Amino acid sequence: MCGIIGYTGKKNATQVLVKGLSRLEYRGYDSAGVAVIRDQELVIRKKKGKLSVLRDDLKKDPIQGKTGIGHTRWATHGVPNDVNAHPHYDHKEKIAIVHNGIIENYLDLKKMLERKGYKFVSETDSEAIAHLISSNYKGDLRKAVQDSAKQMEGSYSIAAVHKGEPGRIVGMRNDSPLIIGIGEGENFIASDIPAVLDYTKKVVYLDNKEIVDLNEKTVLVYGPNGRKKKKKEVEIKWDISQAEKNGFRHFMLKEIFEQPEVIKNILEERIEKENVKFDELKITKNQLKKTKKIAIVACGTAYHAGLTAQYAIEEVAKVPVWVDTSSEFRYRDPLVDKETLVIVVSQSGETADTLAALREAREKGAKVLAICNVLGSSIAREADGVIYTHAGPEIAVASTKAYTAQLVVLYLFAYYLASARGSKKNSGFIKEIKSLPAAAKKLLDQYSSKRNKIAKYASEFHEYYLARNNKSCFLYLGRNVNYPNAIEGALKLKEISYISAEGYPAGEMKHGPIALIDENPWVVCIAVKGATYEKMLSNIQEIKARGGIIIAIATEGDAKLKKSKVEYVIETPRIKELFSPAIVVIPLQLLAYYVAAEFGYDIDQPRNLAKSVTVE
Ligand code: F6R
């Protein structure tokens with residue numbers, strides 16, 4: 001999961017590439033590099049570290065040229081260092097390539113190429129691609145790439161240039177994303193749309209095994225058999241400003257604050273009087289009527305949205321649901337068939353495990369519905385039906401607004417499914433769900449100043465943690481519809497502040513985790529009003545009795561909870577319990593954010609992570 005870009009036109013290619021890479025840095029940020037054709041030379045510059053290291057180097061010693069390719073890396077094969085960074089040369093330094101994905105047969109390719117005299121300098125699988133293209137090169141880069149594709153196994157999107165063919169870039173994809181940006185007298189290829197949006201809104205989505213051959217004037221797409229293909233141009237509706245921080249310190253904070261608007265837009269787009277509409281959904285109501293069971297399959301935060309949807313779909317549409325992580329589902333020979341609807345949830349639409357799970361489910365005859373944020377992504381295109389969350393670009397690695405958008409879309413889908421199956425219209429559902437944007441806004445308005453209550457709690461935790469020689473940790477407890485939020489809150493905290501955090505269903509405490517409670521961990525208890533509220537109050541007493549420090553997430557005006565003398569209380573607006581996860585998660589996101597800010601960590605680009613996991 002790396003980011004790749006290619007540019008050919010009249011501008012200074014290095015500048016375009018570096019700017020494009022800054023829009024792709026969310027995909028990987030342990031090293032970056034560019035290859036630019038300067039006169040008759042092919043110059044590569046690559047550096048370990050964030051893009052800023054490369055940018056500084058290029059400022060000191062610029063490379064002039066009109067055509068080039070660039071890469072931002074998330075290491076799979078070989079540690080992050082200058083040599084393993086992309087682009088990679090072939091052994092004659094005539095060809096340069098960038099690669100996103102994994103070449104599974106690279107050891108075989110390497111052996112074969114070494115026998116032919118090719119010398120490898122890096123520890124990467126990607127370098128084999130450069131040598132392979134070189135071994136197939138007979139004066140036409142596109143043909144060489146096409147022949148090489150026949151020998152490569154694995155997932156990849158690549159871009160290649162040859163110094164003898166200046167102005168030409170050849171790209172290819174197989175299971176990793178690649179889009180083409182169509183400009184005026186210039187053209188682009190990239191892993192994702194934000195990389196080209198500063199220059200053009202016209203894009204073409206490349207399909208698996210297609211090859212693109214571009215120069216500043218023409219863009220030609222070929223199928224794997226070498227036959228030319230006609231492709232549809234798509235006009236991107238959103239603006240690059242949506243992929244900028246707009247005065248917020250971090251993308252994550254900006255995206256948290258965008259949530260009221262995101263929820264509002266979804267509801268306005270999807271609700272018409274008492275009906276829910278999903279215009280783009282190709283699965284018919286009749287097909288939904290025949291559904292006997294539903295499997296929701298996703299990874300990470302999207303999986304947590306799926307866990308919440310299980311409550312909603314079972315309650316509203318009365319269809320049995322099970323939820324699985326994609327990486328388990330795909331290897332378990334899951335029991336899905338023609339009567340199963342498999343819902344895959346993915347912000348990026350490119351997560352390798354979720355894509356594989358989708359294929360597995362379709363092979364077994366199930367209908368697959370994708371809930372995706374990224375338009376035209378692989379998962380969206382391969383599913384039988386898609387519902388877009390339209391949350392706008394999510395840049396911070398830690399997912400926030402995409403999660404609430406997934407929740408809201410899944411709630412609406414539960415309602416849609418119920419009506420498809422002949423249930424009576426429930427006007428209470430529509431009325432209640434419409435109160436979500438105002439509730440989210442009301443909540444966030446309390447936390448818009450820098451010195452807000454959650455920031456203060458985070459600062460107290462930080463002091464506590466240091467005073468106890470870094471010994472403290474977090475436990476998140478929730479029940480019923482807010483149990484998935486307990487794991488989501490813990491995930492948010494650990495991924496950006498590197499503090500150990502565990503999420504648990506509160507009722508399970510007495511079966512083990514209560515042994516952890518002493519004065520060390522801080523325990524976040526989701527205790528909003530609902531069916532298990534009283535039970536949660538008892539759990540709180542059990543924790544207090546053992547010296548645990550509690551942050552309670554409460555419903556506003558809850559005097560009873562205040563009497564239980566928990567150390568910290570965060571109030572949330574009153575909302576129907578089924579929909580409360582979309583509100584309750586917001587303070588959990590803010591808490592994770594402010595704790596990470598106290599520690600001074602790189603919030604938008606946490607260590608070891610990348611936004612979309614396009615490898616297994
Ligand atoms: C956590 C996070 C990840 C993703 C997961 C799935 O904040 O962002 O856990 O949720 O990698 O990604 P998508 O939704 O793109 O399939």
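Residues are numbered from 1 along each chain as its sequence is written. Because the model is predicted, local features need pLDDT of at least 70 and side-chain atom pairs count only at pLDDT 80 or more, while totals for chains, interfaces and linings use all residues, and side-chain values use heavy atoms, with hydrogens and water left out.

**The sheet**

Select residues 474-478, which form strand β23. Helices (H or I, at least four residues) and strands (E, at least two) are DSSP runs, numbered from the N terminus. β23 belongs to an open sheet of 5 strands with parallel pairing, in the order β24-β23-β25-β26-β27. Two strands pair if DSSP finds at least two bridges between them; β23 and β24 have 5 bridges, in the parallel sense. To see one of the bridges, pick G478, whose partner in β24 is P505.

Now select 501-505 (β24) and 568-572 (β27). Each of these edge strands has a single partner strand, so one side of each is left without a neighbour in the sheet. From one strand to the next, the twist averages 20°. Axes here are lines fitted to C-alpha atoms, for helices over the stretch in contact, and angles run from 0 to 180 degrees between N-to-C directions.

**Helices on the sheet**

Select 453-467, helix α16. This helix touches β23, β25 (522-527), β26 (549-555) and β27, where contact means heavy atoms within 4.5 Å. The direction of α16 makes about 155° with that of β27. Next take 483-497, helix α17, which packs on the sheet against β23, β24 and β25. Its direction makes about 180° with that of β24.

Go to N469, in the loop between α16 and β23. N469 is not a glycine, yet its phi is positive, about 50°. Its relative accessibility is 68%, so N469 counts as exposed (over 50%; buried is under 20%, partly exposed in between; 1.4 Å probe, protein chains only).

D175, in the loop between β8 (169-174) and β9 (179-182), also has a positive phi, about 70°. Then select H86 and P87, joined by a cis peptide bond with omega about 0°. P87 sits in the loop between β4 (67-73) and β5 (88-89).

A polar side-chain atom of E495 is 2.5 Å from a ligand oxygen atom. For S399, a polar backbone atom lies 2.9 Å from an oxygen atom of the ligand. Taken alone, the ligand exposes 410 Å², and the protein buries 89% of that (Shrake-Rupley method, 1.4 Å probe; for residues, only the protein chains shown count as cover).

Notes
A polar contact is a pair of N or O atoms within 3.5 Å; within protein, one must be able to donate a hydrogen and the other to accept it, and residues adjacent in sequence count only if both atoms are side-chain atoms.
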